[in-house]
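Subject: Structure handover

Hello,

Here is the structure I promised to pass on.

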Amino acid sequence: IVWKEPIEVGSGDVFAIQDIVSQTVLDKLEITFSQQERDRMQADVSSDPLAYEYYLRAVSQPRTVEGNELAVDLLDQSLALDSTYAPAWSQLGFRRYSLGLFGMGGSDVSRSAEEAFVRALELNPELISAISDISTDYTDGGRTDEAYELAQRAIDINPKNAMGHFARGYVLRYAGMIEESARDM
């Protein structure tokens with residue numbers, strides 16, 4: 001244990017509680033973020049607590065056909081409340097993409113996954129989950145040049161984020177560049 005102390009906060013605003021707890025932990029652990037990193041994190045906050053709750057419930061669903069279907073329903077509810085919440089669009093794309101992989105909808109599901117990823121990136125062009133996942137989707141569709149550029153973009157945004165490296169490794173493996181792929185994956 002590095003640090004331990006109780007934090008007392010009123011229960012009125014869930015987001016305010018989250019901010020207070022997060023800032024206290026950062027302060028006590030002496031972790032700092034650049035303004036650019038703070039702006040990037042702030043871009044991924046929902047304006048509606050219930051939309052965020054639906055999103056969290058969706059993310060917690062297993063990556064099975066049933067789990068993906070339930071996640072899609074929860075994400076639809078989240079986006080009905082906050083259509084500007086980029087992480088929900090990204091997760092919707094991922095869950096639709098996953099359903100397409102399991103053979104549950106074919107090209108219509110794949111197209112709707114891409115549309116969700118694109119919408120997420122319109123809202124937040126630096127959302128690494130959307131960039132990485134659409135890169136993987138493009139790789140599976142044979143669009144390796146676009147996929148590689150996207151994966152590299154994710155790495156350029158945050159070189160320490162594993163998703164970008166996985167996406168680049170995935171593209172390289174698909175292209176037959178096994179040794180190069182192994183360095184990323």
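This is a predicted model: local features need pLDDT of at least 70, side-chain atom pairs count only at pLDDT 80 or more; totals for chains, interfaces and linings use all residues.

Helix pairs

Two packed helices are described by the angle between their axes and the distance between the axes. Both values are given here for each pair.

Start with helix H7 (residues 128-140) and helix H8 (residues 144-157), whose axes come within 8 Å and cross at roughly 160°. An angle over 145 degrees counts as roughly antiparallel, so H7 and H8 are roughly antiparallel to each other. The crossing of H7 past H8 is left-handed. On the H7 side, the residues in contact are Ile128, Ile131, Ser132, Ile134, Ser135, Tyr138 and Thr139. They meet Thr144, Glu146, Ala147, Leu150, Ala151, Arg153, Ala154 and Ile157 of H8. Sorted by class, the residues of this contact of H7 with H8 are nine nonpolar, four polar and two charged.

The other pair is helix H4 (residues 65-81) with helix H5 (residues 86-101). Their axes come within 9 Å and cross at roughly 150°. H4 and H5 are therefore also roughly antiparallel to each other, and H4 passes H5 in a left-handed crossing. H4 contributes several residues to the contact, including Val65, Ala71, Val72, Leu75 and Leu79. From H5 come, among them, Trp89, Leu92, Arg95, Arg96 and Leu99. The contact of H4 with H5 has nine nonpolar, five polar and four charged residues.

Aromatic rings

How many aromatic pairs does a search of the whole structure find? The count is four. Two of them are described here.

Tyr52 and Tyr55 are three residues apart in helix H3 (residues 49-59), so about one helical turn separates them. Tyr55 has 16% relative accessibility and therefore counts as buried. Tyr52 and Tyr55 also belong to one aromatic cluster with Tyr85.

Another is the pair of Phe166 and Tyr170, which is tilted: the distance is 5.8 Å centre to centre, and the planes are 35° apart. Phe166 and Tyr170 are four residues apart in helix H9 (residues 162-174), so they are separated by about one helical turn.

Regards

Technical notes:
Residues are numbered from 1 along each chain as its sequence is written. Side-chain values use heavy atoms; hydrogens and water are left out. Axes are lines fitted to C-alpha atoms, for helices over the stretch in contact, and angles run from 0 to 180 degrees between N-to-C directions. Helices (H or I, at least four residues) and strands (E, at least two) are DSSP runs, numbered from the N terminus. Angles under 35 degrees count as roughly parallel, over 145 as roughly antiparallel, 65 to 115 as roughly perpendicular and the rest as oblique. A crossing is left-handed if the near helix is turned anticlockwise from the far one by less than a right angle, and right-handed if clockwise. Contact means heavy atoms within 4.5 Å. Ala, Val, Leu, Ile, Met, Phe, Trp, Tyr, Cys and Pro count as nonpolar, Asp, Glu, Lys and Arg as charged, and the others, Gly among them, as polar. Rings of Phe, Tyr and Trp (its six-membered ring) pair if their centres lie within 6.5 Å; planes under 30 degrees apart count as stacked, over 60 as edge-to-face and the rest as tilted. Buried means under 20% relative accessible area, exposed over 50%, partly exposed in between (1.4 Å probe, protein chains only).
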